[in-house]
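Trainee: I have a new model to read and would like to go through it piece by piece. Please put it up, and I will ask as we go.

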Amino acid sequence: MRVRGRRRKSVAFFITLGACLVALAVALNVGWILLNWAEVALLVLGIVFFLVIIFGLVINTTFLIREIRRNEQHDAFINAVTHELKTPIASIRLYLETLKTRDVDETQRAEFYDIMLADSQRLLTTVEQVLRAGRTGHRRRRIATSVINLGEIVRECLEITRIRYGLTDNHLLYYETAEASKAKVSGDIDELRAAFSNLLDNAVKYSNKEVHVSVSLSTVDDKRIAVKVTDTGIGIPSEQLKRIFKRFYRVPDKFMARVKGTGLGLFIVQSVVKKHGGRVYAESSGPGHGSTFTVQLPRVY
């Protein structure tokens, strides 16, 4: 919080400095024009020079603010990753120490093993997220393509999500049209699996107390197929719908702040979808009204 306060003061300082410089430049230019109004050539050069100064000040201030915001996002990402790594490690260590120093019955021992396995999976998932974000961030990186039945990938991701969060078919609903069930796409199966898993994880994590997520697979036209993931959760403010796909970005909301994450999930989704020649976008009626994420991919025959 102190670091953010200092950065906000820095932003305010540089904005004020920029405004003062602009005002000074205006005053000097106007004074110069009044004193040298007869010299037309110098007047034109002065105006051009004045516009260049103003443009430079605006560009400098804009890039400065962007860099400060980017640093804040990096700090938030480091804090989030640190928490995501530290929590399961501390939990695993605690249960191992308990098993080493105390005699526990077989029921408790099995329960401790299950908890440690779950924490290990959480740790592995976080590491994979960070590594995958680094790989997908390289635009020149090529993907291994093969012809894939998209419906099979989506159903597989749904089953994994059900098991991971202990959900039933009533919590996760799936629909597909007859034509879409046979539709195929060209791409990397692991990358696409990671993208849809991230969308499903977000839909569950940002749901309200009761999870209701519906997934649909349908054809848009002869060339495209769409996967929609709809939840009845906390929703997204309209001004944030495009920002949420940026690397490290998280919506500044009190409830969302309580849900731990790295801010990489949707960035990975967008990067994967773009590399497969598709597009992804989010829709929401606002906070408290849920959200829908739509992925469109080109079909192959």
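Trainee: Which residue is the bridge partner of R279 in β7?

Mentor: This is a predicted model, in which local features need pLDDT of at least 70 and side-chain atom pairs count only at pLDDT 80 or more, while totals for chains, interfaces and linings use all residues. Residues are numbered from 1 along each chain as its sequence is written, and side-chain values use heavy atoms, with hydrogens and water left out. Strands (E, at least two residues) and helices (H or I, at least four) are DSSP runs, numbered from the N terminus. In β7, R279 has as its bridge partner Q296.

Trainee: How many bridges pair β6 with β7?

Mentor: Two strands count as paired if DSSP finds at least two bridges between them. β6 and β7 pair in the antiparallel sense, and the number of bridges is five.

Trainee: What is the order of the strands in the open sheet?

Mentor: Strands of a sheet pair through backbone hydrogen bonds, either parallel or antiparallel. This open sheet has five strands with mixed pairing. Read across, its order is β2-β4-β5-β7-β6.

Trainee: Which strands stand at the edges?

Mentor: An edge strand here has a single partner strand, so one side of it is left without a neighbour in the sheet. The strands in that position are β2 and β6.

Trainee: By what angle are neighbouring strands of this sheet turned against each other on average?

Mentor: Axes are lines fitted to C-alpha atoms (for helices, over the stretch in contact), and angles run from 0 to 180 degrees between N-to-C directions. For neighbouring strands of this sheet, direction is ignored. The average is 15°.

Trainee: Which residue of β7 stands opposite I225?

Mentor: β4 and β5 pair in the antiparallel sense over seven bridges, and T219 stands opposite I225 in β5. On to β7: β5 and β7 run antiparallel and are joined by eight bridges. The residue of β7 opposite I225 is L297.

Trainee: How many residues of β7 are buried?

Mentor: Buried means under 20% relative accessible area, exposed means over 50%, and partly exposed lies in between (1.4 Å probe, protein chains only). β7 has eight residues and is mostly covered. The number buried is seven.

Trainee: Which residues have the most contacts inside the largest nonpolar core?

Mentor: A nonpolar core is a set of buried Ala, Val, Leu, Ile, Met, Phe, Trp, Tyr and Cys residues joined through side-chain atoms within 4.5 Å. The largest one has 43 residues. Those with the most contacts inside it are L150, F196 and L297.

Trainee: Which element gives the most to this core?

Mentor: Several elements each supply at least two residues of this core, among them α4 (150–165), β5 (224–231) and β7 (291–298). The one that gives the most, with seven residues, is α5.

Trainee: Where is A183 found, and how far apart in space are A183 and R299?

Mentor: A183 is found in the loop between β2 and β3, and it is buried because its relative accessible area is 1%. Leaving aside neighbours within four places in sequence, A183 is in contact (heavy atoms within 4.5 Å) with I148, N149, L150, I225 and R299. A183 and R299 are 116 residues apart in sequence, but C-alpha to C-alpha their separation in space is 6.7 Å.

Trainee: Which residue forms a salt bridge with R299?

Mentor: A salt bridge is a side-chain nitrogen of Lys or Arg within 4 Å of a carboxyl oxygen of Asp or Glu. The closest N and O atoms are 3.3 Å apart, and the partner is E179.
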